[in-house]
Amino acid sequence: MSSAEPPATDLTPPEAARWAARAGLPLPADRHDSVAATANQLLSVVAVLRELDFGDTPPASAYRAESTHSMEEEQHDAAV
């Protein structure tokens, strides 16, 4: 398994703490469970995305974002 592939099993709280510390982000003990759960959710979403067949979909650089209205028409109404 290469480092780009998700783990075959869920990340455990101690593993999440170890990976966080390795990245320079030491976690308090009460955060290990929630960080592991979040990481596992992200890994499951990425796994689904990797399975998608984009076929002939051009890369994002092939698209050009264009506004449908001019900046003069834009009105901002925000409460501060």
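Predicted model: local features only at pLDDT ≥ 70, side-chain atom pairs only at ≥ 80, totals over all residues.
Visitor: What share of the residues counts as buried?
Guide: Buried means under 20% relative accessible area, exposed over 50%, and partly exposed in between, with a 1.4 Å probe and protein chains only. The protein chain has 80 residues, and the share that counts as buried is 9%.

Visitor: What secondary structure does the protein chain have?
Guide: Helices (H or I, at least four residues) and strands (E, at least two) are DSSP runs, numbered from the N terminus. The chain comes to zero strands and two helices.

Visitor: Which residues of helix 1 are buried?
Guide: An α-helix has 3.6 residues a turn, so residues three or four places apart point the same way. The buried residues of helix 1 are Ala16, Ala17 and Ala20. Down the helix axis they fall within an arc of 100°, taken from the directions from the axis to the C-beta atoms, so they line one face of helix 1. The face turned away carries the exposed Arg18, Trp19 and Arg22, while the buried side is that of Ala16, Ala17 and Ala20.

Visitor: Which helix is included in what covers the buried residues of helix 1?
Guide: Helix 1 is followed by glycine 24, whose phi is positive, near 85°. The cover over the buried residues of helix 1 includes helix 2.

Visitor: Is asparagine 40 buried or exposed?
Guide: Asparagine 40 lies in helix 2. Neighbours within four places in sequence aside, asparagine 40 is in contact (heavy atoms within 4.5 Å) with Asp10 and Leu11. Its relative accessibility is 16%, so asparagine 40 counts as buried.

Visitor: How far apart in space are threonine 9 and asparagine 40?
Guide: Threonine 9 lies in the segment before helix 1 and is exposed, with a relative accessible area of 59%. In sequence, threonine 9 and asparagine 40 are 31 residues apart. From C-alpha to C-alpha, their distance in space is 9.1 Å.

Visitor: What is the relative accessible area of valine 45?
Guide: Valine 45 lies in helix 2, residues 32–51. Valine 45 is partly exposed, and its relative accessible area is 40%.

Conventions:
Residues numbered from 1 in each chain as written. Heavy atoms only, no water.
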